[in-house]
Amino acid sequence: FTLNVTLTNVLFTADLNNSASSIYNSTVTNLAHLLDDLLKASSINSSFHGCNIQALRQASAESGTTIDAVCTIKNDSSSPGFDKVKVYHNISATTNNVTALGPYILQPDSLFVDGYNEKNTVTA
């Protein structure tokens, strides 16, 4: 499944667009580790294999960085079926309503799990 989220405290730079740069590689390694830990503690832990960061890109109309990841799960009769809404809610709950992932600050309405997103609404 795909997972996308925007980091607001990571300014997108040329280094983050260059897979040969040490900054790109350390950022991707750290993010993959954080996502793996997060999903291993979720409702899909028994079927979860891992996440691979496919790209880091400039967030649209933002100065942050968007993560594009592909996460894999075991898909057999012994595994529970993949429920993107449930996984979205698990991630939301474990990231303080999509605001924090380790040292990273997340844009709350930027989480997409296999295309599924819930726009957060703020009431005054």
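Strands E1 and E3 pair in the antiparallel sense over 6 bridges, where strands are DSSP runs of at least two residues, numbered from the N terminus, and two strands count as paired if DSSP finds at least two bridges between them. This is a predicted model, in which local features need pLDDT of at least 70 and side-chain atom pairs count only at pLDDT 80 or more, while totals for chains, interfaces and linings use all residues. Residues are numbered from 1 along each chain as its sequence is written, and side-chain values use heavy atoms, with hydrogens and water left out.

- Strand E1 (residues 2–7) is mostly covered, with 5 of its 6 residues buried, where buried means under 20% relative accessible area, exposed over 50% and partly exposed in between (1.4 Å probe, protein chains only).

**The salt bridge**

- A search of the whole structure finds 1 salt bridge, a term that requires a side-chain nitrogen of Lys or Arg within 4 Å of a carboxyl oxygen of Asp or Glu.
- Asp68 forms a salt bridge with Arg57, and their closest N and O atoms are 2.7 Å apart.
- Because Asp68 lies in strand E3 (residues 65–73) and Arg57 in strand E2 (residues 48–58), the pair ties together parts that are 11 residues apart in sequence.
- Asp68 is buried at a relative accessible area of 15%, whereas Arg57 counts as partly exposed at 37% relative accessibility.

Key: Helices (H or I, at least four residues) and strands (E, at least two) are DSSP runs, numbered from the N terminus.
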